[in-house]
Every structure is written in structure tokens, then in C-alpha cells.
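Morning, everyone. I'll keep this short. Please have the structure open while I talk.

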Number of protein chains: 6
Amino acid sequence: MKIVYIVPGKMEADEAARRERILRSWADAQTYVELAVAANGPRSIECMYEEYLSIPGAVEVAMRKEEEGFDAAILGCGGDPGLDAIRELTTRMLVLGPGETSFHIAAMLGHRFGVLKTNGDRFFSSVELAFRAGVSEKLAEVIGVDIPVLEMQKSRGKIIETVVQAAGRAIREKHVDALAIGCMTMAFMEVDRELGNALGIPVVNPAKAALKLAEALLNCGLMHSKRAFPQPVKLRTGLASSYRELYVHE
Amino acid sequence: MKIVYIVPGKMEADEAARRERILRSWADAQTYVELAVAANGPRSIECMYEEYLSIPGAVEVAMRKEEEGFDAAILGCGGDPGLDAIRELTTRMLVLGPGETSFHIAAMLGHRFGVLKTNGDRFFSSVELAFRAGVSEKLAEVIGVDIPVLEMQKSRGKIIETVVQAAGRAIREKHVDALAIGCMTMAFMEVDRELGNALGIPVVNPAKAALKLAEALLNCGLMHSKRAFPQPVKLRTGLASSYRELYVHE
Amino acid sequence: MKIVYIVPGKMEADEAARRERILRSWADAQTYVELAVAANGPRSIECMYEEYLSIPGAVEVAMRKEEEGFDAAILGCGGDPGLDAIRELTTRMLVLGPGETSFHIAAMLGHRFGVLKTNGDRFFSSVELAFRAGVSEKLAEVIGVDIPVLEMQKSRGKIIETVVQAAGRAIREKHVDALAIGCMTMAFMEVDRELGNALGIPVVNPAKAALKLAEALLNCGLMHSKRAFPQPVKLRTGLASSYRELYVHE
Amino acid sequence: MKIVYIVPGKMEADEAARRERILRSWADAQTYVELAVAANGPRSIECMYEEYLSIPGAVEVAMRKEEEGFDAAILGCGGDPGLDAIRELTTRMLVLGPGETSFHIAAMLGHRFGVLKTNGDRFFSSVELAFRAGVSEKLAEVIGVDIPVLEMQKSRGKIIETVVQAAGRAIREKHVDALAIGCMTMAFMEVDRELGNALGIPVVNPAKAALKLAEALLNCGLMHSKRAFPQPVKLRTGLASSYRELYVHE
Amino acid sequence: MKIVYIVPGKMEADEAARRERILRSWADAQTYVELAVAANGPRSIECMYEEYLSIPGAVEVAMRKEEEGFDAAILGCGGDPGLDAIRELTTRMLVLGPGETSFHIAAMLGHRFGVLKTNGDRFFSSVELAFRAGVSEKLAEVIGVDIPVLEMQKSRGKIIETVVQAAGRAIREKHVDALAIGCMTMAFMEVDRELGNALGIPVVNPAKAALKLAEALLNCGLMHSKRAFPQPVKLRTGLASSYRELYVHE
Amino acid sequence: MKIVYIVPGKMEADEAARRERILRSWADAQTYVELAVAANGPRSIECMYEEYLSIPGAVEVAMRKEEEGFDAAILGCGGDPGLDAIRELTTRMLVLGPGETSFHIAAMLGHRFGVLKTNGDRFFSSVELAFRAGVSEKLAEVIGVDIPVLEMQKSRGKIIETVVQAAGRAIREKHVDALAIGCMTMAFMEVDRELGNALGIPVVNPAKAALKLAEALLNCGLMHSKRAFPQPVKLRTGLASSYRELYVHE
């Protein structure tokens, strides 16, 4: 089975290679995982505009990989930007977002979950994501680490400390009993086990969870519902012959 | 007061001029309305991917118009694509989406509203929009006209007939007592009054409603909340000096 | 266009004239606004019983003004007492409540709003109002100023101070990012701009918002839904020939 | 224990005596029940305006009966008009509404309940009542009998037939498994047992249920929460010395 | 009328006799109350497993008492374990759970209620119970006394003190205005009146409330809905001739 | 990794062996799966009482398998009876229910899901399960096959036909776009692929989904939250030294 992990934005080749190695270490023996970086996009995704900017690049990778015969794609951003669009366009390839996936897993394992975000001021994007996933009843807290994404990797200690304190309060005061990491940089720093041990609750790594879920769903023969994510009407009716024609340049 | 109506996609100059004339006929005497078509984007917006494709073009217009001193912008699509992103980026200019605006007005005037969409199979995008607006408790039905956007203008009779039948059923069976038009092409065909008379319930024209609400809110000195839609972190911290730097080309 | 602002209770002639002047300063050039004080009612509305006591007086004004050809009525109390009854009885005149209207506007501009009330112990009446409006998902906090209505005008400084402190806490702890003023006395003290500047979030003046929305909706040709607010059955079937006959004196 | 059943509107002496006899046949041996008709009010309650018109008369009876030492009052209308106001004003006497009470009992006995109303077009008033009661999750259908209240008593057969048909459909299609009668005229026609046998589900008589609940709660030493329904601020602070002073005549 | 109070677990004969005496002191003159202890079960119910362990013993008592002609059964545990199962199996006898009953009564008397539990860490079982009852909108807080059930009776002072403090905070911070006791040991210590006086809000004794509600509902001729709690399919179709055959021993 | 699939009730050795073979065919190469039948329990689970009867037997198997070093247990019934109890008692072994797991997967793949049940009259048990899982917003329909569990295996054709018809209607009328099978007998008949092809939407096999999810979560190092499912207080405080002591025989 072939799974592509799409980086929906720019990434240094070194970091991309490092993440691909980690993904491969997580994969099943019979899974081939490839990490593909979008040709264009934002440097990191920390606001709604950057979420949207990342979509055309991610779509392009997804469509190419579907043609190449990949079985599943993981949209590598905690906000799942454009997940619905990619699911509309693909016809044979399962597409998962780490955001919705990790929310569901956190919801499976406890009664109330919290989400770790880079910026606490974007709490509503997590509320919306939980609504789209269908688990908003269980989302109890959004915890902001408030460290810029591009400075995260050098701040492991500070992240752990901040999260342990903030999540500890959410556990005591808001019944939080599971945590989903909402940022891929934190995911690939693999802080989940360390946080889980410190806090005594499950902490879901969204990148790993999405990969393992993709394998599990493919093994179940399942794909996202094309009834829920129907093919764009212009493609269905022949007004456009490819997703590329949906966009008109000046 | 200066208000720009942004067409987030391609539009023939004739049709753009026609819509601008209609907008001006709706505006207050002291309001200057301008219709601005995005430089790039989709031909029409009938799927999630087209929604996302429209955002960068709309942002560009919005940012330019804010610089030119416009007081408000209306994002001219029934799905409000990227409304949150534009609200994050603007700092002085009120931004309204016709979708959320018309949902609120329908909710103000009745107990349960329905939404008219071009495609009935995209019901969930209306559910999401209602959730973002905060009025999902009152959304009772999504009615699909199921006529391609680009063929609508020649199908006035068929639209009226289809809607009167489908909305009539929603009125009888689902307590629908108000209707929001969810498509700008129908809005500029000004079918609202005709439908309202035939159905005996308020039918909200989203283009007109957004324009009149923009005027009303400006007169109240109100803008969208910058606490709810905070400036992107890279702009706030100086990592980027303009929204344009948020996107990185190959 | 002619709009009546109904004071549903007793008011000194001086204060009534002052409020009418303010309303006229807010109105469009082509709008004629009149303030009409009910013949009987409570001195101020600070409990549910006073809300109900205000209704017959307000209905009487509304019915007279509809007969006189007014286009819209604003029910001048933050709790919208009897809004549904007046909407049932009127057949041509749009009726708006400043409570529901300001809740919708606050919900349009942010993700979570708070309401300013004179008494904090009446939080549930705001919850009910938000439910009727259909925006209860976005109501996050009810803030009590806890100053009797009849002493408010001499307490401007104390009001500002109390609200800034309490709303500041709601902003930090409950994601509040917009505020609706729930009391008409505060509305006509025009504290909204001052509070907005101090708090950095939109603060909706319900009196002004209702007036500007009435103008906007009339310009859109919209009235409240008579399907949602049907004519009383005794009037419809001829058992009574006027709303006055619905009440039977000893 | 002394319980007053308040008729919040006009009623013929014969019918009042008949209802009092029925109430007494329902009461415990040690309960004294009295039916008291308000001095002024509507002839029947079939719209929101009539609901509000009934409140001052009902309050007056309630306050007098509290002074006379009654232990509980039942507000004799299926819509519970002014229940909150009467609960605010009383300080020692339990006040129950047959509407909320019967909704709770229907919710106790099944998973989804329906409400029988005289007019089907007033569905939202039941939705609001269920919200106030806190059981809106279980309200699945509002069934309109669509017979004017004043003609009901001569239409027993037609009522049974209409309800059996409409409720049968709600049972099959909307999982309705319990019914609350939402109209006191139907309650005193004692159609509940007949309907229950025909439909095979519990049918709650709101008048009887409210009486038996009042006895039960008094025996438990319980009264409505004065924290939830606080004394009006003008009475609390001495600005008014009686509820009568809250209303100001011209 | 004959009502059985089922102790779904082991209980010393002395304590059982004491509780039966209290129940009889609460009952109406014409009610015969019997307390019946299950033959097998847990010593007390403080976790989900103990809830489930109690069910077969409780079912056995219920079925025997139904055969003996009892009119109602009260399932004597605050968590209502197996209430749905007993309601499925019984065909003529009303079955009430003190948990759901007291939640409904608390919801009838105020806007937001809290629940007293022995262990605060089991908050979700109260959330679930409120959902089953249909009143989860009004559940605002779960307060843990955190004293083992078997040590409660000697800790009256500590319970009162703990609850007054914790409930006082819930009243101030979470709008709690009524309290339901969620533990039968506390119920039979009759701490409700003392707590109610100290806190100034209604405190519902679930044992007493369930008994008085059972009397009230029987007087109304009401039973739980057999449509909601249908007879097990094996009994309905004759695959089993008694509930005892549903269980197969090795 | 070692996973046990617990049959919480009686099962013929042949059928048990057949199901174990199917489970092994689904498992990863490095997974050891064992099917263990409870010593006592119901013959099949078709009512709430049978759900509860199955719990002690399932707990016994789970506790023994945890001691034997198994990594995960799947509670083999679509209703997940006692999932919370088993999660409370286990301390190192992940426990999953096919019901909640398949609901989450259906919710991940579409916007609105339906559940296939043996008896349509038990719709509320699916509603409760969806609530516990946290996905009740997405549950749109419960479809009853209405064939007794013990006769299912000989009724493949009838099942397919019934479901295709009923689910087809749910797809058209209630926006259902994914299906979860709610019965393990249907799961081991592997009707999911056939139904999926006929209906054009994902159909989740709960047995397979639970197995693949167990593997995925174990690979992620995740277990259910012990904060959400805390150890029973008697075990925690030493009042009991084993779960067996929680039950007291006569």
C-alpha cells in the first residue's frame, strides 16, 4: 500500500527528509510512505490565510499522487486546510486530515479532549474543525503554546513546560482527559509520549495517528464518502475536463 | 462611505457592469459602491475547491481597497469563502459575507430558515456556514435548484418553479418560515421579491442584504472583531512585512 | 420611511425628547423617526414581571402606528418583551427588538459574545433571548453591571469601570470577542464607543443597531415572517374583530 | 396542604365549578384545592398576545393566594404564560406550570415526546417552552389539533380521531413514544386515558400532572429556586413596596 | 398502591430496616412501601462495574414484585443502573430511577442544576444520565464529595461542609440554582433540608423525590412508555419464555 | 502484539472458530488475535437486559487476558456493553468497542451516518452510544433490519435487500452518506463490501474496524484514558483486592 504525506507549503529539504524518515519508521512493513512537498505555498500555517494559501499546492500533489496510484494521502497540517476540496477531487484515493483524525482518536479514548495549538488566539479554528469532524461535544479546551512555528524546534523544553502547566489546569478544571496535538511541527518533534507520561492522559500525535489510520482504513477497504464529497459539478458535467481548468488566470 | 463588492472569480465585463448598476440602485445616496473583479480565480463557485481558489484573488482586492480608503467590503459569494482570512488581514475595513449576513437576517425574521443552493448535494457547506455564523439551530433545510450557475440567467422561470415547489414542501413539513438565497447569480436576478410573494415568507437577497447591512454597521461605527480575527502572527511579529510575503513561490 | 421607537413603559417627557433627538441624529436623511411612550406600563424593566407589564402598552402604540402608516417599529427594551406578540398582531409593519438585533450583530462580528445587563442575576433571560434569536451557541457570558436602571445616568464612570473589568475577564477567560449592550438606558448614554475603545472589541448599541437594521431591512423589502408569527386565530376566524377584544375586563 | 389552580383568563362560572370538581377528584384526601379565576384576561389563550394578557390577572390571584397561606399554585394554561414572573414575585409558595411539568413527565417516561396543541402553526412556542424546561432534546413533534379552543368541548370525537392519526404518524416516523397535552381544555375533557389506550404510549394530562406534582414537591419540602427566580430588584431595594407599584397608570 | 424500593446490592438488615422506616414516613397514608434487598450484588455502587453488577439482582426483585402485584418500583441507586432493562422487562409496573427523577425535578425548579456525587472523578456518568433523562442542557456542575460510600454515615459534618463550600462556588461561578443529590446514602441521611437552608437553593432528595413521583404518576395512571422500552425480542417472539432464560450458564 | 476479541455471551464452538479465522485473516502479520468466549452470558444481545447480562462474563475474560499480557481487547458486541466498566478495570490493556469505533470511522468519512441495527425499535440505544462516543451530531438515522440475530446467517439476501432499500431512502431524505453496521453477526457475514457497492457510500464493518484500530492505536502507543475511566475506588483504596470482590454472593 502506498501513502503520500503532503506538506502543504514550503519546507527545507533536510527537514522534509527528516520527517519522511520518521514517517517510514512509523509505517507498517508493507506500506510505502513518501513525503511530498507542495511546489508553492506558505512557509508555515499559522493563520486562516496561510491555510487557504496552502490548498492549491496540496491539491496538485494529491491529484498527481492519485494518478501515480497512491492509495491514501495525508494532508500534513493540523488544521486540515482544504480537506473537503481534496476529497471532492479525488476519486480512488483515501484522504485524511491529521486534525480530524486526531480529534476522533482523542474522543475515542476519553470523555473530554483538549487541543494543543501554536497560537491560543485561534481557538475558533479548532472549534470549527471539531464541528466538521462531528466531535464538538467533546472538545473542552484549546491550549495555546504561543511559540511561533518556525522557532518551535529549538524550544522543546519550553513547550513541554508550558503544555504540562496549561494542560494540567485543563485536566483539573475542565475535565480534560485526552489531548490532541494540533501542530505538525510538534508532532514531528515526537513530544506526545513525553507529555503523555507527564500528564497521565493519552496525547495523540496527529501525524502518526493519521498514518496508522490510513493504513487501518485501507485495510478495511474504506475511502471517504463520495456522496459527502461529490465530484465538482463542472467536472461531472464536462464543463471542465480537469481540476486545473477550474482556475482561470488573467 | 465607500463600499467595495468583490467578485471573487472571473466575470464578463458586461455582467460586472450590470451587477454594479444594481448595487448602486440599492445603495444609499451617500454611499459610493464599486464592484471589483478579482484578477484570477474560478469562473463560478460550485464546489469547495472553487471556493478556496477564489480566496487569494479576493484578498488582493480587499487589501488594495482597504489601502484606497474603502470603509467596507462585501465578499461576493454565497459561501463566504475566506471571510475569516480577509477579516484577519484587514485592520480598518469592515468585511461582510453575504452568506452569514443573509442567514442572520433570515434568523431574525422567523424561527426556521431554509437556504437555496445551486447544488443540493452540497448541503453540508450550508450547515458549516450556519455553524460559523452561530445560527445552526435555525437552519432547517437546504434546497438545491440543481441548475449549473453558468446557465442560471436563462432559467428564471424554471428556478422560480423549482423553488416554489421545494420551498413549499419545506414550509409544510419542516416549519421553514424564511428563506436565504445562497447564490449570487440568483441574487442579481432579483428573484427574491417574486419568490417571497409566491411563498408568503421573507426571502433574503444576500447581495442586497450584505450591502444594506454594511451601510448599517458602518453607521453604527462597527467593524468585525479583531479579537476574533487577529492579525496573522507573522505580520504581528514582523516575520513578514506584507500579506504577500505569506505565500512563497517556487 | 417612517419608524417608531416604542418606549414600553413610563418615561419623563424630557428624557423621551432627549432620546428622540438621539434617534433622529442616528437616522438616515430620508427616515422619519418618532419616539412614542406607552400610555401605561412599568417605570423601568428590571424583572420578568415588568417585561410582561410593558406589553399591552407597547402593543397599543404599535397597532396605532401601523394604522398611521409607519413602516417599522422598534420595541425599545433590551429584553424584547412581547416581540412575538407584536409581530403576530401587525400585518404590514416590520417589528424589531433591540435585544435580538444586537445579539445577531454581535454574532456576525465575532465568535463569542457577551451581554451587558443591569442585573447579573437575570442571566437566564439573556439565554432565552439568545435561544429565540437562534444564536445561543455564540453567547458566552452575561455581565451584570448591578446598578439600578433609574440610577444609571448618574453613574457613567462606574459603569465604564465595572464593564471594562468584567468584560476584560470574559475576554481573557471565555473567548468573548464582541459585546451587546442589553439595556436601553446604557444604549442612550452612548457608552458603546467608549467601551469598544477600552476593550478592543465591537460593542453593539442596541438602540442604534435596531434603528439602522430597520432601515436596512425596509430597504430590502423585508418584514418579519407572518408564517412564523401568524395572526391570532380569533382575529383570523372573525371571533374577534380587533386585538382589543382579546382582553376581557371584569 | 392548600393548592390554588389559577385560571389566567375569563371563564364561565359553570365551567369553573366543573373544573374545580375535577381537580378535587384528583387531589389527595389531605389536599385542599381551589380554582380561582382571574378578574381580567383573555377568553382563551391561543396566541402569544393572549398569553401575555393573562399574566397580570394571574399574578394578582397568585399574590393574594400566597398571602392567604396557600402552599402551591398551578398556572392553568398549557403555555405557562408568566410562570417566571410569578415565581419571581412569590416568596413562600411553590408555583408550577402544567406545560413544563407535563414536558418533564413525558420526558421521564420515554425517549422522544410530542405535544398536542390547539394550533399547529404555533409550534415554536412549544419549542421555547421545552427550552425553558430544559428538555428540548426530547421534543420531537408538535401536533396541531386545529380546532378553536372555544369549540373543543363539543368536538371530542374529532379530537380523538385527529390526534390518533397525527400521533400515530409521529410514533412511526419520528420515534415519538410519549405525548404531553398542551391545552387545558383538552386536559379537563380527560381525553388522556382514551388517547393513551388508542396509541399505546403514555399521554400526560397537564392539569392532573401539575396537581399531583405540586403535592409531591410540597411533600418533599421543595419550592422553585429563588436563586433562579430572584425577587424583582425594585422590591428588593425598597423602590417599590408591593408588586402593584411596578405598574404605573397614566 | 404498593411500591417497592429495590436495593440493588447488599445491605445490612439494620440499615435496610432503617431505610424502610424512612420510606414509610415519607409515603402517603394509602401507599404501602416495601424495601427489598437484592439477593446478590455489590456492597455499594461507586464505579461503572458495580453499577452493572447490580442489575441482575435488581431485575430479579423487580420481576418478582411485579408478579406480586406491586404498582411501582424505585431502583434505589443514584446512577439508575439498568433502569432501561427493568423498564423493558416489566409490563404493568411503573419503574423510576431516583437519578433521572431528581434531575428532572431540579430542572423543573431552576435554570441550572448541580449534582452531588460521592466521587468527583465520575463526572461523565452524571453527564450520561442527564442525557438519557433529556435534561443535559441544564446540568452545570458535578460536585464530588470524595468520601467512600461505606464511610459516609459517620461523616455528616464533613459532607455538609464540603458541599456547602463546593456548591457555593458553583452557585457563584456557574449559575447553579438547584442541586440533586446523586447518592442514596446521602439521601437516607436526609441532608437535603440542611443543605438547602445553608445554600438557599432547592436540594432534591432522590429517594424521597422518586417515591413521591411514583405516587404522583400512579395517581395519573401513567407508566413508562413500552414503545420506548419495548419487550425483549426473544420474549416477544417466544424464543424465551421468561427473562431468566435470557442468561445461559456454562 | 496480542489482541483478544471477546465474545460477551454464548457461542457455538464452530461459529467461534469461524469468526477467529476471519479475524486472523484481517490481522497484520505481526498481530496475534485470539477469540475468547465468555463462560456465561446471553445467547445473543438484542435488548438492554442482554447487554447488561453480558458484562460480567466479558470482564472476566478481559481481566484474564490482561494478566496474560494481551495488549488490546475488543468487546465483541455492536452496543459496546460495559465498555466503560472494562476500561475502568484494566490498567495496561487498550479496550475498544466496535460500536463507538465504527461510529467514529463513519463520522470521519462523511457528514451524516446511519446505523444498521437488528431491531429498529431500539433506536435510542444507538443515540446513547453516539452520545458516549461524542459523535451524536452526525448520527442521522437508525435502520432496523428486524430479523432476529439467531436467524440472520440464513438471511443474507433478505438483509442486503432490506438495507439497500432502507438506506437508500436515508441517503435521499436524510443526507446519510456513510453507514456503520451495528451488529456483529452482520459484521462476520462480511456484508459491508456488498452493501457499500450497492449503495455507493462507505459501510463500516465494526469487527474489522475495531481490530484495525486496535492495531493502529497500539502502534501509536495509545490506551484509553485512565483519567476518563479511573480505577474503581474500592480497588484504589484497598477496600477490595480484586475486581472479583466487588460482587457479593448471598
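This is a predicted model: local features need pLDDT of at least 70, side-chain atom pairs count only at pLDDT 80 or more; totals for chains, interfaces and linings use all residues.

Let's start with chains A and B. How many residues of chain B are in contact with chain A? The count is 45, and they meet 45 residues of chain A. The size of an interface is often given as the accessible area lost when the parts come together. Here chain B and chain A bury about 4,300 Å² between them. Carbon and sulfur atoms account for 61% of that. Which three residues supply more than any other three on the chain B side? They are Y49(B), Y52(B) and F131(B). Together they give 16% of the area that chain B buries against chain A.

Now the polar side of this interface. There are 18 residue pairs in polar contact between chain B and chain A, counting pairs with both residues at pLDDT 80 or more. The rule also finds eight salt bridges across the interface. Take D121(B) and R236(A): their side chains meet in a salt bridge, 3.1 Å from N to O.

By class, the chain B side has 25 nonpolar, six polar and 14 charged residues.

Next, chains that stay apart. Chain B and chain E do not touch. Their nearest C-alpha atoms are 14 Å apart. Chain C and chain F do not touch either, and their nearest C-alpha atoms are 14 Å apart.

Side chains of opposite charge can pair when their charged atoms come close. The search over all chains finds 95 salt bridges. Look at chain D, where E51(D) pairs with R122(D), the closest N and O atoms being 3.1 Å apart. E51(D) sits in helix α2 (residues 48–53) of chain D, and R122(D) in the loop between β5 (113–117) and α6 (123–133), so the pair ties together parts 71 residues apart in sequence.

Last stop, chain E. Helix α5 (residues 98–109) and helix α10 (residues 206–219) of chain E have axes that come within 8 Å and cross at roughly 85°. The two helices are therefore roughly perpendicular. From α5(E), the contact uses P98(E), T101(E), S102(E) and I105(E). From α10(E), it uses P206(E), A209(E), A210(E) and L213(E). That makes six nonpolar residues, two polar and no charged ones.

That's it from me.

Technical notes. Residues are numbered from 1 along each chain as its sequence is written. Chains are lettered from A and ligands numbered from 1 in the order in which they are written. Side-chain values use heavy atoms; hydrogens and water are left out. Axes are lines fitted to C-alpha atoms, for helices over the stretch in contact, and angles run from 0 to 180 degrees between N-to-C directions. Helices (H or I, at least four residues) and strands (E, at least two) are DSSP runs, numbered from the N terminus. Angles under 35 degrees count as roughly parallel, over 145 as roughly antiparallel, 65 to 115 as roughly perpendicular and the rest as oblique. Contact means heavy atoms within 4.5 Å. Ala, Val, Leu, Ile, Met, Phe, Trp, Tyr, Cys and Pro count as nonpolar, Asp, Glu, Lys and Arg as charged, and the others, Gly among them, as polar. Buried area is the accessible area (1.4 Å probe) that two parts lose on being put together, summed over both. A salt bridge is a side-chain nitrogen of Lys or Arg within 4 Å of a carboxyl oxygen of Asp or Glu. A polar contact is a pair of N or O atoms within 3.5 Å; within protein, one must be able to donate a hydrogen and the other to accept it, and residues adjacent in sequence count only if both atoms are side-chain atoms.
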